[in-house]
Amino acid sequence: NIGESTDEKNSFDRQTVSQSGEDSILIYILNALQYDIKKVKYLDLGANHAKYLSNTYCLYKSGARGVLVEANPQLVPELNMFRSEDIVLNKCISDKPDLTMKFYIMNGDGLSTPDYKTAEDAMKKNQKLKIVDTVEVPSITINSIFKQYFVTPPEVVNIDIEGEEISILQTIDFNQIRPLIFVIETIPYSPQIVYGDKNLEIVKFMEDHHYTEYAFTGINSIFVDVEKLEKICV
C-alpha cells in the first residue's frame, strides 16, 4: 500500500529538482485545481534517480505517493532508499508484457534505453557517450501497472523512456483511464539546447484524446485533461 506523509507545507515552500522546473508546475496545477497533494498518486515511467532530475520527487516530499518504473538495476537501490514509501519496479516498460528485454545502460543520465538504435543515435550526437553495460530486464505494460497498483488512475503520469513514449501512449484506453496530468518528454536528445524540434505527433495524439498542452518547458510537455479542467474551471 502507498503511504502518506503528514508534513504540513506551504504550497510554494519548495525547491525544484526537475530539469526545467516541471515539478513546480505540477504542484501549481494540482493546488490550483484544489487537489490535496497528500492524496495524489503518480506513475513515473523511466524514474531514473530518486531525487536528481526527478519530476516526481517534489510530489513525494509533499506527501504524494506512487509507482516508479526503472529498468536500470543500478538505480534501484537508490530509489528504494530515498523513495521508500513508493513502489519501485525494476522492469522495462513496453507495449508487450512478460518479455525479457535487453536494456542498454549508458554513461549519460536518463539516456539508457531498450532500443539500440536510440542509444546509437545518442552516441553519434555526443562522442562522450557510450554503452557501459547491457542487462536483461522483464517487461511490463502500462495497463498492467494501472490494473495491479492503482484502484483509480493516478493523477500524474510522467513518461521519459527515450523515444518510446508514443508507442506506450497508444496502448492506453483513454475512455477508461484518464489521469489528470501527463508529463512527457517531447524533444530528441541533444548535447545542446533543442529548439524547434518538438515531437508534434505526441502533441496531436494527446489533443486528439482531449488533453491540452498546458506548458512546455523546452524538454517536457505537460498535458492536462480538458474534461477535468472544464468541470473545475467554470
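Trainee: What does Thr 56 touch?
Mentor: Thr 56 touches Tyr 42, Asp 44, Leu 68, Arg 83 and Asn 158, not counting residues up to four places away in sequence. Contact means heavy atoms within 4.5 Å. This is a predicted model: local features need pLDDT of at least 70, side-chain atom pairs count only at pLDDT 80 or more, and totals for chains, interfaces and linings use all residues. Residues are numbered from 1 along each chain as its sequence is written, and side-chain values use heavy atoms, leaving out hydrogens and water.

Trainee: Which side chain makes a polar contact with Thr 56?
Mentor: The side chain of Arg 83, at 2.8 Å. A polar contact is a pair of N or O atoms within 3.5 Å; within protein, one must be able to donate a hydrogen and the other to accept it, and residues adjacent in sequence count only if both atoms are side-chain atoms.

Trainee: Is Thr 56 buried or exposed?
Mentor: Buried, because its relative accessibility is 0%. The cut-offs for relative accessible area are under 20% for buried, over 50% for exposed, and partly exposed in between (1.4 Å probe, protein chains only).

Trainee: New topic. What about Ile 219, buried or exposed?
Mentor: Ile 219 is buried, at 14%. Its contacts beyond four places in sequence include Gln 19, Ile 184 and Ile 187.

Trainee: How far is Ile 219 from Val 194?
Mentor: They sit 8.0 Å apart in space, C-alpha to C-alpha, and 25 residues apart in sequence.
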